[in-house]
Amino acid sequence: MMKKLLPFLIISVFVSIIVTVFLSLASQNKMIVTIKNNTKKLPIKMQINKYQDSDCGMLIDNMEYISQVISPSAQTWFFHDHGGFVKWLEDKEFKDEAIIWVMSKDTKQWVDARDAFYSLIDKTPMGYGFGAYEKKAFGYVNFDTMRLRMLRGETLNNPHIRKQLLGNK
C-alpha cells in the first residue's frame, strides 16, 4: 500500500513547496498585479520583477513584449506577452473601450495597440509570436488580424502554424 501512496505523497510535497515559494516571493517582492486610479490612462512606468502578468500570473522579468490594458474605470493590468492581453480581455465587458498600450520593439516607446503592427514570428515569453512595432514592415499584420489569429489559436504554439511561418526552423 505504501508503494502506491508514495508517488502521490511526493507530488503533494513538491506542489506544496512550489506554492509556498511562490507565495513567499509574492509577499516579499510585493508584486503589483493591478493599479487603480490611472485617470490619465497613460502607460505606467514599469520595473523588471515587480509586476505580475494578469493573464498567466508569471512575474514580468523582460520589458520587450510588455503591454498594459486600462479600463474605462481607470484600472490598469499588466502583461508580458501581447497574446496574453488579447486572451484575457476577450470576456471583459469593456474590451472595446479599453485603452491598450504595447511596448514597440522598433522604437522602444509605448504605442496604442490598435495602431501598432505585429510580427507573427517573434520569440515572445509565452510563445505566441506577436511582437509589436510602431512602423510597418513586410509580413507584419494590424491589430485586428493579430487579435483574430490569437483567438483562433494561430500562434507559434500551434505546430501547423509554426511550420507554415518558420518552415523547418
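Trainee: In which sense do strand 2 and strand 3 pair, and over how many bridges?

Mentor: Antiparallel, over 4 bridges. Keep in mind that this is a predicted model. Two strands pair if DSSP finds at least two bridges between them, so the 4 bridges here meet that rule. One place to look is Val69, which stands opposite Trp77 in strand 3.

Trainee: What other strand does strand 2 pair with?

Mentor: Strand 4, residues 99-103, again in the antiparallel sense and over 4 bridges. Ile70 has Ile99 as its bridge partner there.

Trainee: What is the order of the strands in the open sheet?

Mentor: It runs 1-3-2-4-5, with antiparallel pairing.

Trainee: What makes strand 1 and strand 5 edge strands?

Mentor: Each of them pairs on one side only. You'll find strand 1 at 34-35 and strand 5 at 110-112.

Trainee: How do you know that both faces of strand 2 are covered?

Mentor: Look at the residues on each side. Ser67 and Val69 are on one side, Gln68 and Ile70 are on the other, and all are buried. Buried means under 20% relative accessible area.

Trainee: Over to the helices. Which residues of helix 3 are buried?

Mentor: Phe143, Met146, Arg149 and Met150. Down the axis of helix 3, those buried residues fall within an arc of 135 degrees, so they line one face of the helix.

Trainee: Which exposed residues are on the face turned away from the buried side of helix 3?

Mentor: That face carries Asp144 and Arg152.

Trainee: And what covers the buried residues of helix 3?

Mentor: The cover includes helix 2 (82-89), strand 4, strand 6 (117-119) and helix 4 (159-166).

Trainee: Why is Lys87 called partly exposed?

Mentor: Its relative accessible area is 41%.

Trainee: Why is the contact between the side chains of Glu90 and Arg147 called a salt bridge?

Mentor: The rule wants a side-chain nitrogen of Lys or Arg within 4 Å of a carboxyl oxygen of Asp or Glu. For Glu90 and Arg147 the N to O distance is 2.9 Å, so the pair qualifies. Glu90 is in the loop between helix 2 and strand 4, and Arg147 is in helix 3, so the pair ties together parts that are 57 residues apart in sequence.

Trainee: What is the N to O distance in the salt bridge of Lys95 and Glu90?

Mentor: It's 3.1 Å. Lys95 is partly exposed at 23% relative accessibility, and Glu90 is partly exposed at 27%.

Trainee: And how exposed is Asp91?

Mentor: Asp91 has a relative accessible area of 65%. Exposed means over 50%, so Asp91 gets that label. Its side chain meets that of Lys92 in a salt bridge with an N to O distance of 2.9 Å, and Lys92 is partly exposed at 23%.

Trainee: How many salt bridges are there by this rule?

Mentor: The count is 7. Among the residues involved, Glu64, Lys105 and Asp122 are linked in a network.

Trainee: Which residues make the nonpolar surface patch?

Mentor: Ile11, Phe14, Val15 and Ile18 make a patch of about 400 Å². Residues in a patch need over 30% relative accessible area. Val15, in helix 1 (residues 2-29), counts as partly exposed at 44%, so it clears that cut-off.

Trainee: Last one: how many helices and strands are in the protein chain?

Mentor: There are 4 helices and 7 strands, following the pattern α-β-β-β-α-β-β-β-β-α-α along the sequence. Of the 169 residues, 38% count as buried.

Technical notes. Residues are numbered from 1 along each chain as its sequence is written. This is a predicted model: local features need pLDDT of at least 70, side-chain atom pairs count only at pLDDT 80 or more; totals for chains, interfaces and linings use all residues. Side-chain values use heavy atoms; hydrogens and water are left out. Patches are made of residues with over 30% relative accessible area and no salt bridge: like charges are joined within 9 Å, nonpolar side chains (Val, Leu, Ile, Met, Phe, Trp, Tyr) within 5 Å. Accessible areas come from the Shrake-Rupley method with a 1.4 Å probe; for residues, only the protein chains shown count as cover. Helices (H or I, at least four residues) and strands (E, at least two) are DSSP runs, numbered from the N terminus. Buried means under 20% relative accessible area, exposed over 50%, partly exposed in between (1.4 Å probe, protein chains only). The arc is that of the directions from the helix axis to the C-beta atoms. Contact means heavy atoms within 4.5 Å.
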